[in-house]
Amino acid sequence: MTEQKLDNESRALWQEALGAHNKAIWEALEAEPAPAVMRVLPPQPVNRWQWATAASLVLCSALSLVVWKQARTLREQNLDYALLQLQSPRTATQLDALLTLRTLGHDIPQHRWTVLRKTLAETQDPNVQLATLELLIDIGAITRLSDLPQLPATMAPQQRLLEVSFQSWQQTPATSAAPQEQ
Amino acid sequence: MSSPSPDFLMQRVARGDRVALEHLHAQMKQPLYAFLRRMGASRDDAADLLQTVFLKLWQHRAQYAGTQANAWVYRITHNAWLDYARKWRLLDTATPAATGDIATHSPEESVMAGELGARLHQALATLPHDTREAILLSRFSPLTLADIAGILGTSEANIKVRIHRGLMTLRRCIEEEGHD
């Protein structure tokens with residue numbers, strides 16, 4: 001029977017009207033148990049702010065992807081142009097190209113290192129040699145001290161700096177190490 | 001630990017707490033369901049009406065005054081039942097539920113409760129709907145006679161008279177059949 005906190009006035013009214021039949025009638029009026037429900041309310045609809053947030057996130061993700069792809073395309077274009085400039089007969093152009101390539105750093109894929117090595121082998125200009133060597137050390141294309149070529153005697157201080165630079169690169173943690181050349 | 005009061009739960013519901021509504025439903029569903037069944041709704045209709053009542057409680061939660069949650073809930077239940085009764089034209093004619101659909105208790109009590117329950121249900125159905133409702137509100141809800149009068153839109157004195165006369169009808173129903 002349902003536990004019922006009956007109002008005192010109602011209780012008195014029932015007792016007065018029903019007398020000895022009060023309990024029997026009271027109990028007989030009880031109904032079967034109410035059916036169980038999975039949920040009282042329908043699922044909460046997504047409100048407009050949630051829709052707006054979700055739409056903003058999707059839009060931002062799409063924009064980020066577009067921006068990232070554009071940035072990657074731009075880097076690749078810069079790399080292509082710089083490597084092309086490196087083949088110029090003009091030293092100033094080559095030095096500009098090497099400066100650009102330093103900023104691209106580890107974005108230079110391994111299969112493009114041959115262009116840098118070719119430049120190093122062919123150039124007569126010690127500044128271009130030095131800049132190319134610095135770049136090759138920076139990107140991890142030179143892995144042994146013995147691979148460092150000898151610069152002209154007049155560039156002995158620069159040679160020393162290269163060796164120090166190479167040794168400090170060797171001491172950096174493994175995560176920043178460039179992949180080994182095949 | 002005692003359950004939270006309907007007033008507390010309804011205040012939480014008014015602030016948008018769906019969990020509080022679930023608790024309120026758990027506390028009140030049985031008396032509300034029994035009330036609707038004894039008012040003449042079938043099992044399915046009573047379950048639907050119960051769902052409607054809680055949906056309306058949620059939809060109109062901003063209108064809750066902050067006190068007398070029981071009166072608020074039963075008023076919504078009364079209105080839901082009235083809409084249902086008008087739709088099925090139950091207000092003018094007495095439409096007792098089929099005897100096979102009458103509530104029973106445990107199997108041991110089913111015979112007694114079943115027979116008596118069926119007869120009482122028939123007797124209730126012969127009463128005017130406002131008398132029936134007054135009796136059932138006093139049976140299933142913790143409302144005072146004043147609260148019941150407020151829901152049914154009449155005076156407390158009138159409610160006392162209705163309940164008394166209606167109960168006398170039920171008493172005669174038992175006494176004529178010779179039950180104790």
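In this predicted model, the elements of chain B run α-α-α-α-α-α-α-α from the N terminus on. Of the 180 residues in chain B, 39% are buried. Among the contacts in chain B with a separation of 6 or more, 63% join residues 24 or more positions apart.

One helix of chain B can be described in detail. Helix α4 of chain B covers residues 69-87, a run of 19 residues. From its first C-alpha to its last, α4(B) reaches 27 Å, close to the 27 Å expected at 1.5 Å a residue. The buried residues in α4(B) include Trp72(B), Val73(B), Tyr74(B), Ile76(B) and Trp81(B). Ala69(B), Ala71(B), Thr77(B) and Ala80(B) are also buried in this helix. The helices of chain B against which the buried residues of α4(B) pack are listed below.

| Helix of chain B | Residues |
|---|---|
| α1 | residues 6-14 |
| α2 | residues 18-38 |
| α3 | residues 43-59 |
| α6 | residues 129-140 |
| α7 | residues 145-152 |

Just after α4(B), Arg89(B) has a positive phi of about 55°.

Chain B also touches chain A. The contact takes 40 residues from chain B and 23 residues from chain A. On the side of chain A that touches chain B, the elements giving two or more residues are α1 (8-18) and α2 (22-28) of chain A. The largest share of that side, 6 residues, comes from α1(A). By class, the side of chain A that touches chain B has 15 nonpolar, 3 polar and 5 charged residues.

How values were computed:
Residues numbered from 1 in each chain as written. Chains lettered and ligands numbered in written order. Predicted model: local features only at pLDDT ≥ 70, side-chain atom pairs only at ≥ 80, totals over all residues. Contact = placed C-beta atoms within 7 Å. Helix = DSSP H or I, 4+ residues; strand = E, 2+ residues; numbered from the N terminus. Nonpolar A, V, L, I, M, F, W, Y, C, P; charged D, E, K, R; others polar. Buried ≥ 20, exposed ≤ 12 C-beta atoms within 10 Å, placed from the backbone. Expected span 1.5 Å × (residues − 1).
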